[in-house]
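Me: I would be grateful for a close reading of one part of this model, namely a single chain together with whatever it touches. Please treat the chain as a whole before turning to individual residues.

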Amino acid sequence: MAESTDPFLGAKGVASHSTDVRFVLETRGLTVRAGGRDLLRAVNLSIAPQQVFGIIGPSGAGKSTLLKCLNRLIELTPGLRVSGDVRFHQESIYAANMDVDSLRARIGILFQQPVVFPKSILQNVIFGTRHLGKVPRKEWPDVAERALREAALWDEVKDRLRESALLLSVGQQQRLCLARTLAVDPEVILMDEPTSALDPKSTEAIEELILQFKQRRTIVLVTHNLAQARRVTDHVACIAVHDGAGQLIDCAPGDELLGDAQGDEVTAYFESRKRSKPEP
Amino acid sequence: MTTVAPAARSLAGNLPRRRWSATRSLSYGFSALAAGFVVVLAVLFVWQSIPAWRHEGLGFLPGKKWFYPQEQFGALAMIYGTVIVSLIALLLAAPIGIGAAIFSAEFIPRRLQLAVKVLIELLAGIPSVVYGLLGILFLRDWIYRALTPFDPLSGDTLLTAGILLAVMILPTVMTLCDDALRGVPSAQRQAARGLGLTQTEVVLSVCLPQAARGMVAAVLLALGRALGEAIAVFLVVGRQDNQWPANPFSLRPLIESGQTLTSKLASSETNIAYGDPLHWAAIVGLGLVLLAMTVTVTLVGTQLMRPREGHA
Amino acid sequence: MRRFKHHVFRFATGACVVLACGVLVLIVLAIAMRGLPAISWQFFTEQIRLVGADGGIFYNLVGTFILIGTAFIVSAPIAVGLALVHGVYLRERRHRERLTLLLYLLNGVPSILFGLLGLIVFVKFFGLGKSWLSGGVLLGMLILPTVTIALIERIASLPGKYVEAAAGLGLTQSQIIWSVILPQSLSGLVTGSLLGLAHAAGETAPIMFTATIFAGATFPHAIKESPVLSLPYHIFILAQDSFDPAVGAKLWGTALTLLGLVLLLSLVALPLRLKIHEEAHHG
């Protein structure tokens with residue numbers, strides 16, 4: 001069993017896989033500073049392929065920040081300094097010869113609020129593919145159909161591909177964003193609380209899709225909903241504010257960590273953990 | 001000037017009303033002054049130019065000859081001059097202004113953006129007479145020397161005025177295009193980058209299509225400024241009447257002196273015309289034509305800048 | 001290939017910025033280099049002699065200050081009135097939009113037409129001859145949109161809580177306007193006026209027929225037939241006859257002074273505008 005010990009907190013991040021499994025994503029001492037304070041400090045994660053890796057924690061702990069570091073989207077936010085390393089297939093994503101744009105095509109991301117471009121549904125789906133240039137133009141409709149089917153949106157929109165995507169409901173828009181990401185065929189999909197803005201039915205739909213995706217892809221899911229984490233994740237990392245910065249305080253297979261959790265509320269969960277664990 | 005969104009939260013709704021208030025009367029009174037000014041402007045220009053319209057009929061506009069001692073008043077050559085000079089200015093200023101706005105809004109960090117904004121505003125503040133001075137003392141000679149293969153008569157040409165105008169309207173184009181680009185939500189840029197698009201691809205396929213409307217408005221408003229500029233154009237355009245070319249699409253007139261509506265209005269002829277009703281009416285008629293052109297352009301540009309109705 | 005296109009695009013647009021900023025720097029440098037030799041205390045305190053070849057620009061400065069001072073007095077109350085009508089009294093959105101449209105249209109009227117209008121109304125109709133007052137009024141109306149829009153935006157960005165608190169205390173609409181809205185929006189009036197006056201100081205066209213002459217005027221003594229000298233008109237006349245080398249340095253000195261005045265007015269407004277911008281976005 002591969003173990004990593006965090007000396008500050010005395011917690012153990014345990015990967016329950018055999019040592020020769022190659023992790024698809026790893027972070028080593030990932031720290032993000034803004035102004036004078038640390039948003040994230042010394043986060044070490046190892047994410048295995050073809051699983052759903054959950055990141056839970058109270059609001060403001062830095063989960064979204066952490067997620068955006070994984071595909072360097074964090075660089076779009078001015079004023080932040082990132083140190084430490086992130087490795088994708090054992091190669092640092094900060095290497096000098098790393099093409100960030102290609103990296104982001106391989107590590108896709110879905111946001112909390114669906115961001116749909118003011119174009120047609122079809123144009124939205126192939127938006128990423130067309131710029132990648134890997135797929136010839138005449139195959140775009142097929143790529144779009146495949147992606148929309150994978151996102152379970154095809155049946156609802158197949159007759160109105162040329163209509164504006166802004167006319168879709170929020171749940172449909174989120175699945176459209178998912179289809180758009182899938183069309184680029186990424187290995188990893190980062191999801192930042194993808195269902196928190198959606199109604200229960202759409203939430204259920206997305207969760208089902210996530211479970212289907214993990215057969216071929218790796219999902220990193222940030223969520224503040226414990227029940228969702230229980231339903232969907234295989235492995236969970238907890239990020240919480242400690243000593244003024246977001247830090248990894250636990251990392252274990254889902255049922256281990258969440259099995260005895262009371263209720264759905266993440267804050268309550270962390271409160272109860274704080275009470276049960278002695279202060280270091 | 002920046003765009004004004006109609007007050008989202010009109011304070012009127014929150015305030016208790018009274019039947020009559022001195023403040024309200026004063027406010028409406030002053031506002032009436034402003035409105036009155038605009039009305040008086042329009043009415044007077046129409047009214048005072050009537051003798052000219054009666055004299056030339058509608059031939060005033062397409063009339064090619066302007067020779068006031070013989071009471072010949074045709075505005076076409078000046079309309080032509082105005083249009084050519086403004087077009088040259090737009091052709092030069094629009095690409096550079098748009099390019100500069102794109103770089104400033106998309107490719108540089110926020111603190112540098114502020115510095116560029118301040119610098120460009122200062123450029124916008126330079127008085128037109130100073131531009132005219134620079135045009136006379138520098139640009140005129142450069143153009144003259146550059147045009148020697150074409151055997152020019154002097155450096156005062158339509159081209160000179162156009163180039164000078166281009167520098168003058170560049171800040172307008174840049175500032176308004178910058179505003180248009182900032183109107184595109186950054187969430188969309190983030191989403192596009194998240195898909196793996198390069199910054200340039202994001203600008204070209206996300207930002208520009210959405211900012212296009214505002215950019216067209218910017219260009220139109222800059223055009224309005226160019227149409228109406230008098231002093232700088234007056235000093236370098238050559239002030240040569242009746243330069244209507246045999247072939248309106250040839251480039252020859254660009255390197256010759258010309259006359260625009262504004263350069264004529266700013267000239268001593270306005271004072272000369274003061275005494276003679278017909279001549280005066282013709283001059284005011286030129287002013288009316290200029291007013292119509294600029295109001296139209298400003299109207300279209302302003303309407304384009306308003307947020308689209310029903311846009312999600 | 002995609003990266004290459006990105007670099008080319010970035011370079012091309014960057015070149016545009018360099019060009020735009022470079023032109024400005026060159027212009028300012030050209031004027032400064034040629035104008036500085038003429039600048040001296042005497043330059044500002046003496047009057048013109050020898051048709052601009054000697055002496056200073058004292059009365060030109062006086063004239064310009066009189067003109068922009070009058071412009072301020074004319075535009076400020078009207079701007080406040082318009083802004084209050086827009087922000088407080090008009091209840092329907094389309095009325096407000098029409099008012100804004102009117103302001104934009106006025107802003108688009110070429111300044112030479114203001115001069116022409118002044119010729120018709122003040123010189124002809126009222127028989128004032130050339131008068132500083134006509135110039136001031138025309139300039140005031142010219143800058144009215146700038147001042148008004150700055151004020152409108154300022155009022156629109158005021159937090160509603162102050163108005164609500166005052167209304168809760170039982171103040172009437174007028175009292176709220178005078179005790180809350182106007183004091184808090186003063187900064188908008190100041191910045192709008194500074195920007196407008198910077199523009200007005202440099203304008204030649206509205207005043208060349210109606211208010212200013214080249215030489216022979218000092219302080220105006222009445223309203224009728226009382227022109228003033230001015231900086232921009234001085235430059236305008238001399239520029240058309242700029243072959244006399246003795247005139248040259250003085251001409252550039254005048255241009256530098258005018259430029260300095262305009263830049264000073266704009267720069268003074270800058271920190272206030274930055275503060276307003278900050279408050280509007282993070283207040």
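This is a predicted model: local features need pLDDT of at least 70, side-chain atom pairs count only at pLDDT 80 or more; totals for chains, interfaces and linings use all residues.

Reply: Residues are numbered from 1 along each chain as its sequence is written, and chains are lettered from A and ligands numbered from 1 in the order in which they are written.

Along the sequence their order is α-α-β-β-α-α-α-α-α-α-α-α-α. Taken along the principal axes, the C-alpha atoms of chain C fill a box of roughly 70 × 70 × 35 Å.

Of the 283 residues of chain C, 54% are buried. A residue is called buried if 20 or more other C-beta atoms lie within 10 Å of its own, exposed if 12 or fewer do, and partly exposed in between, with C-beta atoms placed from the backbone. Two residues are in contact if their C-beta atoms, likewise placed from the backbone, lie within 7 Å. For contacts in chain C between residues at least 6 apart in sequence, 77% link residues at least 24 apart.

Chain C gives 84 residues to its contact with chain B, and chain B gives 78. Helix α1 (residues 2–35) of chain C supplies the largest share of the chain C side, 19 residues. By class, that side holds 55 nonpolar, 19 polar and 10 charged residues; here Ala, Val, Leu, Ile, Met, Phe, Trp, Tyr, Cys and Pro count as nonpolar, Asp, Glu, Lys and Arg as charged, and the others, Gly among them, as polar.

On the chain B side, B:Met174 deserves attention. B:Met174 belongs to helix α5 (residues 158–182) of chain B and is buried because 31 C-beta neighbours lie inside 10 Å. Neighbours within four places in sequence aside, B:Met174 is in contact with C:Ala20 and also with B:Gly97, B:Ala100, B:Ala101 and B:Ile120. B:Ala100 lies 74 residues from B:Met174 in sequence, yet their C-alpha atoms are 6.6 Å apart.

With residues up to four places away in sequence not counted, B:Val130 touches C:Ile31, C:Ile235, C:Ala255, C:Leu258 and C:Leu259. Both B:Val130 and C:Ile235 are among the residues with the most contacts inside the largest nonpolar core, as are A:Val220, B:Leu165 and B:Val173; this core has 266 residues. Helix α3 (residues 58–89) of chain C gives the most to this core, 18 residues. Such a core is a set of buried Ala, Val, Leu, Ile, Met, Phe, Trp, Tyr and Cys residues joined through C-beta atoms within 7 Å.

Chain B also touches chain A. In that contact 21 residues of chain A meet 16 residues of chain B. The elements of chain A giving two or more residues to this side are α2 (100–106), β8 (107–110), α4 (127–132) and α7 (170–183). The chain A side has 13 nonpolar, 5 polar and 3 charged residues.

How values were computed:
Helices (H or I, at least four residues) and strands (E, at least two) are DSSP runs, numbered from the N terminus.
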